[in-house]
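My entries follow the display.

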Amino acid sequence: MYDCIVVGSGPSGGSASYHLAKRGRSVLLLEKESLPRHKPCSGGVSPIVQEWFDFDFSPAVSLKINKICYTWQMGDPEIIALEAKEPVWMVRRDIFDHYLVQQAQKLGVELRDRTSVLGIEWKSDRWLVKTEHDIFEAKYVIAADGAKGSMAKWLGFKERKRRMGVALEAEALHSSLDLDTIYFDFGSVQNGYIWNCPKADGYSIGAGTFIGGEKQNLKELGADYAQKYGIDITSIKQFDHPICPWDGNQPLHTQNALLTGESACMVDPFTAEGIRPSLLTGMLAGQAIDEAIAGNIDALKQYTLKVQEEWGEDMVWAKRIANIFYRIPSFGYKMGVKRPSASQRMGKILCGEMRYRDVAGAAVKRLTKGLIGMN
Ligand SMILES: Cc1cc2nc3c(=O)[nH]c(=O)nc-3n(C[C@H](O)[C@H](O)[C@H](O)COP(=O)(O)OP(=O)(O)OC[C@H]3O[C@@H](n4cnc5c(N)ncnc54)[C@H](O)[C@@H]3O)c2cc1C
């Protein structure tokens, strides 16, 4: 019997496995795809995540960027040089996620890829985890199976609210875009935005909606965006994938089980950042289960509270800003993006050097005041 079975080998599953193994716990990591696996994603990562690991992520980072270029319907650009200590990382998810799993394997985590979990069952003092050929047993399970996974449902949590995102991956580098810059375009996608995260060998363009607007053809809008910047769209591969944005604090624990990452709806509802909270919740889940095994009967409950404190409190603000910003984005662009101090703060939030809670109260007040002034 394992101490813990982790279902899903994305950033949350990799992080949970790593931190459990680091504490000497036995871990089985189950992944339905063959590793390294592709995840539709733009791969922008806050460098703050390095603080949570004692190995160097550099080999898995494709580029580091230190500028942000905002546009309104492809025009009216606002370029800011980030004043952050460490630039934002651009990663290829197959490489980044696999690298983390490999570090966990070095600590003894047993990986079974091409192994889909088909169901789970609690039996007196353990979880039975069913796959096509085997039934595995563990004292604890971690749901790290992402926005499309079923673990949260099997564990009895309420149905997730899913939004739609698309990822377009261009392999060619012929374009007018700089490689040291991350791009955000507002106004072309309703209730959301288009972003472009360059990589050393191409571009990852993404589009997402955050408060409705699912009927738009995001792939078409993304391709149109790419073409306007001279990216050869014949080289582009297109993927769509749901996103589970944070939608209020909720319990993340149940009988000997925890939810992490997108199965716990951790994605920032304003920026679509999901990798940082996945790595964070993976780490906190690993710590909590280690403490539970050591005899702390409140450890799982404390996990829910810790995630609320360390991520949820900021997401309350991110959601408030998103609700105002994406409803009248032209106004949000003028009041938020076109103000250099506001853009600089947003850059610091992305880099993990500032938190929404430190600045968002004033931002929401300003946006609301401006909105009232418009009526
Ligand atoms: C278009 C798009 C662009 C994005 N861009 C960014 C970005 O630039 N920066 C950022 O921070 N975030 C971004 N995100 C969000 C980010 O990709 C996710 O939040 C993140 O991948 C969640 O990590 P996770 O570990 O929870 O789940 P995932 O990375 O989705 O991993 C879940 C894993 O579980 C496996 N699995 C599922 N079911 C089973 C099963 N039954 N048995 C075994 N294995 C199973 C899956 O195969 C998968 O490997 C983007 C998302 C989208 C859709």
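This is a predicted model: local features need pLDDT of at least 70, side-chain atom pairs count only at pLDDT 80 or more; totals for chains, interfaces and linings use all residues.

Angles under 35 degrees count as roughly parallel, over 145 as roughly antiparallel, 65 to 115 as roughly perpendicular and the rest as oblique.

Residues are numbered from 1 along each chain as its sequence is written, and side-chain values use heavy atoms, with hydrogens and water left out. Helices (H or I, at least four residues) and strands (E, at least two) are DSSP runs, numbered from the N terminus.

The crossing of α1 past α2 is left-handed. A crossing is left-handed if the near helix is turned anticlockwise from the far one by less than a right angle, and right-handed if clockwise. I listed P11, G14, S15, S17 and Y18 of α1 against R93, D97, L100, V101, Q103 and A104 of α2; contact means heavy atoms within 4.5 Å. By class, this contact of α1 with α2 has five nonpolar, four polar and two charged residues. Ala, Val, Leu, Ile, Met, Phe, Trp, Tyr, Cys and Pro count as nonpolar, Asp, Glu, Lys and Arg as charged, and the others, Gly among them, as polar.

**Helix α5 and its partners**

I next found that helix α1 (residues 11–22) and α5 cross at roughly 30°, their axes coming within 7 Å. Here α1 passes α5 in a right-handed crossing. On the α1 side I recorded P11, S12, S15, A16, H19 and L20, which meet residues of α5 including I275, L279, M283 and I289. The contact of α1 with α5 divides into seven nonpolar, six polar and one charged.

Helix α5 (residues 275–293) also packs with helix α6 (residues 299–325), at an angle of about 155° and with axes 9 Å apart. That makes α5 roughly antiparallel to α6. The contact includes L280, L284 and A288 of α5, and Y303, V307 and W311 of α6. I counted 12 nonpolar, two polar and four charged residues in the contact of α5 with α6.

**Ligand**

Which residues come nearest to the ligand? Of the 37 residues around the ligand, these are E31, R37, G44, E262 and I275; a residue counts as near if one of its heavy atoms lies within 4 Å. I noted a backbone N or O atom of P11 at 3.2 Å from a ligand oxygen atom, and a polar backbone atom of I275 at 2.8 Å from an oxygen atom of the ligand.

**Backbone**

I recorded a cis peptide bond from L35 to P36, with omega near -5°. P36 is in the loop between β2 (27–30) and β3 (44–45).

Methods:
Axes are lines fitted to C-alpha atoms, for helices over the stretch in contact, and angles run from 0 to 180 degrees between N-to-C directions. A polar contact is a pair of N or O atoms within 3.5 Å; within protein, one must be able to donate a hydrogen and the other to accept it, and residues adjacent in sequence count only if both atoms are side-chain atoms.
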